[in-house]
Structure formats: C-alpha cells, structure tokens
Amino acid sequence: MSEHHFVFVHGAGHGGWCWYKLANSLRDNGHKATCIDLKGAGINPTDPNTVSSLDDYDEPLYAFLSQLPNDQKVILVSHSVGGGSMTAAMCLFPSKVSLAVYVAAAMVKPGTLIPERLKNVMKICSGLIEEETEKIWDFTFGNGPQNLPTSIMMKPEYVRDKFYNESPMEDYTLATTLLRPAPVMAFKGIMDIPGAPETDKIPRVYVKTGKDHLFEPVLQEVMLALWPPAHTFLLPDSDHSAFFSQPQELYQFLLQAASSLSP
C-alpha cells in the first residue's frame, strides 16, 4: 500500500478538529493526515471579524502548501464552503495537489458564471443574504450596521438540524463547544476566484450527502452538472457533516479515490 498525504480543509464555523475521525483512521492505516485551521477558525488565534478576504482566510493553507518540497503532492479534502478555499489553493499551487475531494462542498469552476439559483444557495449557506438567513444565523457587524456583517454563527437551535441531523449525539455535543463565528468577507471571494487553466488538470472527486439539510442533494446535483468531476460518490444516509455521520464510509471513499492515482 502506498502512503498518501491527506490535507483537510474545514467549512464555516468549523476547524481542523472536525476531521478527527478521518485523520485517526488514515494514520492508523499508514497514511499522513494534516488538518488545517484557516485564519480565525479552530485554534487559530485571529479574530474572524478581522479576516478581510478569501486569500487572507486561506493563508494557513497557502503557507502549508508553499513549504511542501517540490517532489511532494497531497490529496486535498474539503467540506462545505471550504471547497472554495480548496479551489483557490489549487489555482495557486497546482503542482502540489494530486487530487481534490469535495465533501458536500462548494465546487465552482474558477472564472465561470454561477447560475443565480446556485449562487443564492451558496450565499444562504454562507450568511451573505441577510434577509434569507437571519432565521438561522447570528451576525456580527464589526464594521458598523451599515456594512456587510463581518462574521456569522449559526444559532444554537438550528445547529443540530442543519449540520448534524444524522450524526452521533456525542459529536454534536463536541461541536457545540468548538464552533466559532465564520468570516463573511472570506466567503464573498468564493464566487469570484479567477480562472486558472492548470486547475482543470487536477482530478476531482465529489462526495454527495443524501440527507443534507443545509446544502440539499438537488442543489449539489446542479453544481455537479456545471463542473463534472472525474468520480462522484454518494453517502445516502449522511447529513451535511459526513465526517461525523458516516466517517467509515467516507474513509473508504477517500482510499478508493486515492487508489486511482498513478503511483
């Protein structure tokens, strides 16, 4: 068995901690696993309200990829709006990425127009449409109420249903102690990543989540049709957070996807 190095990119409000089950399984079976905390997330000390852009948010991921030796490549795995961070990193460091895996994640071809229906759902998931999302998100207006919010955090009463409706109660309990506000200015940039031809050369895999209450399967299908990946896997009983609800199945999909790479 060849060793692979998996690098995990979390979604809004989460941190590297959310991948602990996948990282443990991979390390137990001879692979490397690195769980990145983006700026203002996880244990990164930055105040998320001060994160100014997608590139600023992604700086820890960029720093990690930039220090990789030239003869090393990694498999990037992203969740939710972390898909945008992963795509941006692929554009900047195409030679460092052997495979990109999107897990219920935003997968938008850089430099292309996004249909309004999909753009709106991405904005709702990211808290960018205030009137549509004020029911489920709490906002912080660090630059004053006349400007866009600087961070969002899902209201506690919605966390179980939107993020973890099929996940074990202990993982939901863990998550409620670790979730942090997420930087809105970072998510604005996800829909405006400049085109990069080299990105198309990186094989992509998508993992669909069949019982996702935040990014519904029908909308995942719309996105898949716009930028078809090399392979699509389905976790029929997974909520938005497959790393909790179906970790062993997701682990097997990751190994299956990795096995398609040339040695």
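Two strands count as paired if DSSP finds at least two bridges between them. Keep that in mind for the model shown above, which is a predicted one. In it, phenylalanine 139 stands opposite isoleucine 152 in strand 6.

Now for the empty spaces. Rolling a probe the size of a water molecule over the atoms shows where empty space is left. Searching the whole structure turns up 3 cavities of 30 Å³ or more. The second largest cavity has a volume of about 60 Å³.

Which residues line the second largest cavity? They are Ala12, Gly13, Trp137, Ile152, Met153, Met154, Phe163, Leu179, Arg180, Pro181 and Ala182. Strand 6 (residues 151–154) gives the largest share of this lining, with 3 residues. By type, the lining of the second largest cavity splits into 9 nonpolar residues, 1 polar and 1 charged.

## The largest nonpolar core

The largest nonpolar core holds 79 residues. Within it, the members that touch the most others are Phe8, Leu61, Val77, Val101, Tyr102, Tyr164 and Leu250.

Let's take tyrosine 164 from that list. Setting aside neighbours within four places in sequence, tyrosine 164 is in contact with His14, Trp17, Val159, Tyr172, Ala175, Leu179, Asp239, Ser241 and Phe244. One of these contacts, Leu179, also turns up in the lining of the second largest cavity.

## Helix 4, mostly covered

Next comes helix 4, where 10 of the 11 residues are buried, leaving the helix mostly covered. The buried ones are Gly82, Gly83, Gly84, Ser85, Met86, Thr87, Ala88, Ala89, Met90 and Cys91. What do the buried residues of helix 4 pack against? Their partners are strand 1 (5–9), helix 2 (54–57), helix 3 (59–66), strand 3 (74–79), strand 4 (97–103) and strand 8 (204–209).

Threonine 87 makes a handy example from helix 4 (residues 82–92). Its relative accessible area is 1%, and buried means under 20%, so threonine 87 counts as buried. Apart from neighbours within four places in sequence, threonine 87 has contacts with Tyr102, Val108, Pro110 and Ile193. Tyr102 is also among the core members that touch the most others.

## Strand 8 and its two partners

Strand 8 has 6 of its 6 residues buried, so the rest of the structure largely encloses it. In a regular strand the side chains alternate between the two faces of the sheet. In strand 8, Arg204, Tyr206 and Lys208 point one way, while Val205, Val207 and Thr209 point the other way, and all are buried.

How many bridges join strand 4 to strand 8? There are 4, and the two strands run parallel. Across this pairing, tyrosine 102 stands opposite tyrosine 206 in strand 8. Strand 8 also pairs with strand 9 (residues 231–235), again in the parallel sense, over 5 bridges. There, threonine 209 is opposite leucine 235 in strand 9.

## Two loop residues with positive phi

Finally, a look at the backbone. Most residues other than glycine have a negative phi, and most peptide bonds are trans. Serine 80 has a positive phi, near 55°. Serine 80 is found in the loop between strand 3 and helix 4, and with 10% relative accessibility it counts as buried.

Alanine 104 has a positive phi too, near 45°. Its place is the loop between strand 4 and helix 5 (116–126). Is alanine 104 buried or exposed? Its relative accessibility is 1%, so alanine 104 counts as buried.

Key:
Residues are numbered from 1 along each chain as its sequence is written. This is a predicted model: local features need pLDDT of at least 70, side-chain atom pairs count only at pLDDT 80 or more; totals for chains, interfaces and linings use all residues. Side-chain values use heavy atoms; hydrogens and water are left out. A nonpolar core is a set of buried Ala, Val, Leu, Ile, Met, Phe, Trp, Tyr and Cys residues joined through side-chain atoms within 4.5 Å. Buried means under 20% relative accessible area, exposed over 50%, partly exposed in between (1.4 Å probe, protein chains only). Contact means heavy atoms within 4.5 Å. On a 1 Å grid over the protein atoms alone, a cavity is a set of points where a 1.4 Å probe fits but cannot get out, and a pocket is an open set with protein on both sides within 12 Å along at least five of seven lines; lining residues have an atom within 4 Å of a point. Grid points are joined across faces, edges and corners, and a volume is the space filled by probe spheres set on the points. Ala, Val, Leu, Ile, Met, Phe, Trp, Tyr, Cys and Pro count as nonpolar, Asp, Glu, Lys and Arg as charged, and the others, Gly among them, as polar.
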